[in-house]
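Good morning, everyone, and thank you for making time for this. I would like to walk slowly through one protein chain, and I ask you to keep the picture in view while I talk.

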Amino acid sequence: MVLQFVSDYLKHRLTAKSRHGTHSPFVYKLVDEVIYDFKPKPEYNSIEAQRKKLLHDDAIITVTDLGAGSHLNKNRTKKVREIAKNALKTPKLAQLIYRLAKNSHPSGLLELGTCLGITTAYLSRACPEAEITTIEGCPETAKKAAESFKALKLDNISLKVGNFDELLPSVIAENAQLDFVYIDGNHRKDATLNYFRWCLPKVHEQSLLIFDDIYWSKGMKEAWKEIKNHPDVTVTIDLFWIGLVYFRKGQVKEHFKIKF
């Protein structure tokens, strides 16, 4: 599985383009002004300081894994620092998600897969006036995330604990529309496609759905292909680590692979 992942990554690097190979004005601007905006921002500092604390946290917690598990560590009890090292999004990727959220100007954000709360914290800082709902399947991991939110003084986050399949339909039903959804959990084909389909009735022309780990497994690659081909989807951007899905009406259907 690891060898296939590396092979997929190398193929992506060989076939992906930069902004200069992009002929869509919308995608060019997004790549130039958002995806490739690597300038440091003061909002990053306190979150990365909290990440550092988690990377040195020797507390042992019991992990409830309701998804497809981990390639790296399938033990049931883990040290927080091991989870922080292996499961948290890298600063580069978490900060990209911050910029995508900030650029989208959503009134509400939904995240599946809180983990230790670092990416959630980036969403909160990107959109301090928006309401953020994040769902985590593991109670003890969620508890550590809540501690991070408190330490960072983030007060616009609603953390729900439980099975995505049970919680997500009701969360979607409570929202008039879905502006920004980040799906980072389960990593099974059928589950990922279910989450996508459940979201569809509430998306609109400015909605952004982000799917994590689209090359994680054969099933996830199949799910990503099916999502791209859905008739409601008009633009997708494959950054290898994540896939961006847009529903812009009146735009020619196009799929882009972008180096990141």
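I will begin with the chain as a whole and then turn to single residues.

Please keep in mind throughout that this is a predicted model. The protein chain is built from 10 helices and 10 strands, and its C-alpha atoms fill a box of roughly 50 × 45 × 40 Å when that box is taken along the principal axes. For a chain of 260 residues, a compact globule would have a radius of gyration near 18 Å, and the 17 Å found for this protein chain agrees with that. Of the 260 residues, 52% are buried. If we take the contacts between residues at least 6 apart in sequence, 70% of them join residues at least 24 apart.

Now to one helix in particular, H9, which covers residues 189-199. Which of its residues are buried? They are Ala-191, Thr-192, Leu-193, Tyr-195, Phe-196 and Cys-199. These buried residues of H9 pack against strand E3, helix H8 (164-173), strand E6 (180-183), strand E7 (208-212) and helix H10 (218-229).

Cys-199 brings us to the cysteines. How many disulfides does a search of the whole structure find? The search finds zero, and Cys-127, for example, is in no disulfide, since the nearest cysteine sulfur, that of Cys-199, is 17 Å away. Cys-127 counts as buried, because its relative accessibility is 8%.

Cys-115 is found in the loop between E3 and helix H6 (118-126), and it counts as buried because its relative accessibility is 16%, where buried means under 20%.

His-105 also has a positive phi, of about 50°, although it is not a glycine. This residue is found in the loop between helix H5 (91-104) and strand E3 (108-112). Is His-105 buried or exposed? His-105 is exposed, because its relative accessible area is 67%, and exposed means over 50%.

Finally, let us look at Lys-17, which lies in the loop between helix H1 (2-15) and helix H2 (25-35). Lys-17 counts as partly exposed, because its relative accessibility is 45%. Leaving aside neighbours within four places in sequence, what is Lys-17 in contact with? The residues are Tyr-36, Lys-257, Ile-258 and Lys-259. Lys-17 and Val-235 are 218 residues apart in sequence, while their C-alpha atoms are 15 Å apart in space.

Definitions and conventions. Residues numbered from 1 in each chain as written. Predicted model: local features only at pLDDT ≥ 70, side-chain atom pairs only at ≥ 80, totals over all residues. Heavy atoms only, no water. Disulfide = S-S within 2.5 Å. Buried < 20%, exposed > 50% of the residue type's maximum accessible area, 1.4 Å probe, protein only. Helix = DSSP H or I, 4+ residues; strand = E, 2+ residues; numbered from the N terminus. Rg over C-alpha atoms; globule rule 2.2 N^0.38 Å. Contact = heavy atoms within 4.5 Å.
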